[in-house]
Amino acid sequence: MLAFGAPAFLWALAALAAPVIVHLINRERAVVLKFPSVRYIDQSRLPQEGRRRLRDWLLLLLRLMVYAMVILALANPRWIDTTDATAPVEPEAPVTMMVLDASASMSHRTTFNNLTEALDQYIDGQPVGTEIGLVVYDDQVRVALAPTTDRAAVKDAWRESSPSFDRAGKPSLGVAEAVRLLNDRAGEVLVFSDFQSSDWQQVGAPRLPEGSTLELVSVRPDPWQNVSIQWARGFPKRDGSLRIFARVRNDNAEPVPVRLSMALPAVEKEVTLKPNTAELIALDVPKADNPGGPQAAELQLAVITEESHPESNLYSADDTYHFWLGEPAATVVGALIPLDTEPGKMREASFISRALGVGDDSTSGQFDFVPVSGEDPNWMDQMDAIYLPGTGAYFDQPAWARMKEFVEQGGVLFITPGKNAPRMFRGMRESGISNTAYVGKPRRARNEASAYRIGELPADGALAKVFDEDAREDLYLTDIYEHWQVKAGAGAEVLLQSETGSPLLIRERLGKGAVVVSALEFDPAATDLPLRNSFVPVLWETLGESINTGDNDLSISVGESVPNDLLTGAAGGEFDTSQPGVILVDGQALEVNIAREESAAQGAILSDVRARLLGQRTGPQQATTTLDSAEPGAPLWPWLAVLALLACIFETALTARMENATEATA
C-alpha cells in the first residue's frame, strides 16, 4: 500500500501545467533574410494560419518528469506491506502522575487551599479508568503513591501529608520519583507548585517516557506579598551595650508597618518598611538590659496593623530568626597597592588602615587591614574585602575577571581612583564589575574658599541612617580640592554626593557581594575628609553594610547536615538540625534557621521550566528519531530523487543538441 508522509506537497502537482503553457506560448520564430533586389518592395503581413500545437514532445516530457519526481519525493512516499499485518494491540489504560509541592513557601493558607481545590478538580475531571499516581515532596520525597484507580486513596494520601513549614523545595526529586513510578509507561505528568524561582531555577529531572505529556499548574498567589527577616547579627559595644543589625525585606507594593522584638535581651523597635526593598535595621540594647556573655537570641517580626494589611505576610515561617550574640569575627580587608606605579597611594592607605583599626561605638563589626602582594594564587580566599587604591588602572581583563568572581561569591571591592582613573573606570565597565561611567575631572580648587562641598545625604542611603543632624555638620564642612566626575549606573546606590549632585561614593550589588566606588582619593592633598571625625563612620558603615553578613559557614537551613569542617575535632554525638535554633559544635555557634530561599518573591517562568524538564523542547515529548524510523514502511523518495536527476541530465543534453542544430541551419 502506498502512503505519503507529507501529502500536502501533492497539491504542488498542479504546477505541472506551467511547462505545457510555456511550450504553447513559445512558438518557433522564423529567420529573416534580407535580399537587395527586393528591398524597395513594400512589406506586408501574412495572415496567421494554423493553430498552436505542442512541439518537442520529448523535451516537454523530460521537464515534466523532473518537476513531478521532486514534488513526489517531498511528499515522502512509502510502501507499506499489508500482507503480513498483525492484530491491533490493545492500548494500555491511561495513567496520570500528580507531583505536588509541599515546601515551606506553600504553607500559607491561601496557597494550600488553592492547591487542594486544584487537586480535587483535576482528580474528579480524569476519565473513568484512568490510573492516578501521587508524589509529594519538599526537600525529600514525602509521599510516593503508585498509579491506581482508587481516587479516594489519592485524595487521602495528599490530605495526610500537609505542607512543610520549614523545608525548602527540591522539585527534581519529585519529578524523578514520578518518572520512576510511570515505569516507562506513556502518561500525563501534572506538576502543582507555586514555582518559586529559588527552587525551580536549577531544576533537572530524568527524561519523561516517550509519548508523555507535561502540564504545569501554578497555584502561586498573585501578587506575592510577604515580609521577612533575611538575617540578623548582634555585636557587643565598648560600653557593655549591644547593637543588633537585621536585614528585613518587604515584598509588598505598599509600605508595611512592622515590629521587631526580642525577649532576651529585651528590645523592640517599630519601623515602616518601604515597598519592594530590603532594609538594614539597627536595634540598640542598653547595658542594663544586656545579660552579658555570648548567648543564643531569637528575633521576631510582626505586622503591626493586620486589619489594614491582612494579606501582607503570606509566608510566616521567615518571621523568626535565630542567631548568636557574641564577639563577631573580624572582616579581613586586603590592600593591593600599586607601589611601582603610584607610591603616593601609601599615604591614602595609611589613613584608611588607621580608620578601620580604630572604629567607634556605632560601628557594626571590626576590620583587619592586611597589605597583600597578589603573588599567592589563593590570596583572595582569605579576604572578605579588597581595597584597590588606583590599582584597577593596571589590571588586564583576566585580573578583572578574577575580581568579578570574588565579588559574585560574596566579597567586596573598595575602589578609589588614581593617576589613570579613566582607564580604571573603562576596565570596570568592560569586565561587568561596575556600570559607573567616567565623565571627566573638574578643575582643582585653588584654596579652601573655592573647595567643593559634600551635598545633602540621599534620604534612602545607608549613611543617612547613621549621621544625625549634629554629625552631618562635620561631614558638610569637608573640603574637597580634587575629585573625579562620574555617573552612577542603573540600580547603583549613591551614598555621598557633591553639592552639584555629582556622585562621590557609589555602591553596586553584584551577585552575593558589592562594589564600592569612590570618586575621591582619601588623601589630605585631595580632601580633608580623612582628617575629620566623620571619616571613620563613613568607612565602617559603607564597608560593614556591604559585607554579606548572612552568607557564612556558621549558618545552615533546617534539615541540612552540619558542615564537615565543623565536625572535625568535635565531640562525639549527632547534632539535631530538624528545628530552628543555635547549636554549639566544638565551641562554634551554628545557626539553624528556616530556609530563606522560600522567602523569594520571584516566580520562575513556566515556559523555561517546561523546556528544562522536556530537554529544551516544548510540547509533548517524543523520542528523538530519524525520518526513516519515525514512520513504518519502505521509503521511496531516494528512487524518485534518482529519476529526477536522470531526467534533468537527459533534458540538458537534448536542449544542447537542439540549439546546435538550430545554429547549423542558420
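## Salt bridges

The structure holds 20 salt bridges. Keep in mind as you explore that this is a predicted model. Let's look at some of these contacts, starting with a pair that you can find by its residue numbers.

The side chains of D138 and R142 form a salt bridge, with N and O 2.9 Å apart.

Next, find helix 7, which covers residues 345-358. Here the side chains of E348 and K345 meet in a salt bridge, at 3.2 Å from N to O. Along helix 7, E348 and K345 are three residues apart, which is about one turn of the helix. Are these two residues buried or exposed? Both E348 and K345 are buried.

Another salt bridge joins R472 and E456, whose closest N and O atoms are 3.3 Å apart. R472 belongs to helix 11 (residues 469-476), whereas E456 is in the loop between strand 19 (437-440) and helix 10 (462-466), so this pair ties together parts that lie 16 residues apart in sequence. R472 counts as buried because its relative accessibility is 10%. E456, at 48% relative accessibility, counts as partly exposed.

Salt bridges can also share partners. In this way D138, D139, R142 and R167 are joined into one network.

Now turn to an open sheet made of three strands, in the order 24-26-25 and with mixed pairing. Which strands stand at the edges? They are strand 24 (555-557) and strand 25 (581-585); each has a single partner strand, so one side of each is left without a neighbour in the sheet. From one strand to the next, the twist averages 30°.

## Backbone details to look for

Most residues other than glycine have a negative phi, and most peptide bonds are trans.

What is the form of the peptide bond from L264 to P265? This bond is cis, with omega near -5°. You will find P265 in the loop between strand 10 (256-262) and strand 11 (267-273).

D184 is not a glycine, yet its phi is positive, at about 70°. D184 is located in the loop between helix 5 (171-182) and strand 6 (188-193). Because its relative accessibility is 70%, D184 counts as exposed.

N276 also has a positive phi, near 50°, and is a residue other than glycine. Where is N276 found? N276 lies in the loop between strand 11 and strand 12 (277-285). With a relative accessible area of 48%, N276 is partly exposed.

Key:
Residues are numbered from 1 along each chain as its sequence is written. This is a predicted model: local features need pLDDT of at least 70, side-chain atom pairs count only at pLDDT 80 or more; totals for chains, interfaces and linings use all residues. Side-chain values use heavy atoms; hydrogens and water are left out. A salt bridge is a side-chain nitrogen of Lys or Arg within 4 Å of a carboxyl oxygen of Asp or Glu. Helices (H or I, at least four residues) and strands (E, at least two) are DSSP runs, numbered from the N terminus. Buried means under 20% relative accessible area, exposed over 50%, partly exposed in between (1.4 Å probe, protein chains only). Two strands pair if DSSP finds at least two bridges between them. Axes are lines fitted to C-alpha atoms, for helices over the stretch in contact, and angles run from 0 to 180 degrees between N-to-C directions.
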